[in-house]
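Q: I'm new to this one. Could you show me how to read its features, one at a time?

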Amino acid sequence: QVHLAESGGGSVQAGGSLRLSCAASWYTYAGRCVGWFRQAPGKERDWVASIHTSSSSTYSADSVKGRFTISRDNAKNTVYLHMNSLKPEDTAMYYCASGSIYTCTSASGRVSGSQYIYWGQGTQVTVSS
């Protein structure tokens, strides 16, 4: 049973763009906080952005503000991560995750992977210089 499925990763040159998709089941999407995390080899998992699927409120890490945008499509139960002006340091495995709606409303909660219940398998993003 697939709760969340990421797609859209790939290899791009610095300055390029990608759009990641996170297709969710109804119970991992409706009234949830859906977030994107990333993990580079040998590094800790970092929070990237989250969205409150009901209100569409969005939150993002300072490291990606102005470059990455999170959005959602309620008709498709899908959350997107639009990534522009990609840098080599954005290279990582990107995961989407789903948690309770309160995960989004807590500044400390939404950045913590432990607050998310369901996780996808990840999609690789590689940015070359």
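Q: How many bridges join strand β3 to strand β8?
A: Strands are DSSP E runs of at least two residues, numbered from the N terminus, and two of them pair if DSSP finds at least two bridges between them. Here, β3 (residues 18-24) and β8 (residues 78-83) run antiparallel and are joined by six bridges. Leu20, for example, has Leu81 as its bridge partner in β8. This is a predicted model, where local features need pLDDT of at least 70, side-chain atom pairs count only at pLDDT 80 or more, and totals for chains, interfaces and linings use all residues. Residues are numbered from 1 along each chain as its sequence is written, and side-chain values use heavy atoms, leaving out hydrogens and water.

Q: Which strands are at the edges of the sheet?
A: The open sheet has four strands in the order β1-β3-β8-β7, with antiparallel pairing. Its edge strands, β1 (4-7) and β7 (68-73), each pair on one side only.

Q: What does Leu81 touch?
A: Contact means heavy atoms within 4.5 Å. Leaving aside neighbours within four places in sequence, Leu81 is in contact with several residues, including Leu20, Trp36, Val48, Phe68 and Tyr94.

Q: Is Thr123 buried or exposed?
A: Buried means under 20% relative accessible area, exposed over 50%, and partly exposed in between (1.4 Å probe, protein chains only). Thr123 has 10%, so it's buried. Thr123 is found in strand β11 (residues 123-128). Not counting residues up to four places away in sequence, Thr123 touches Gly9, Leu20 and Tyr94, among others.
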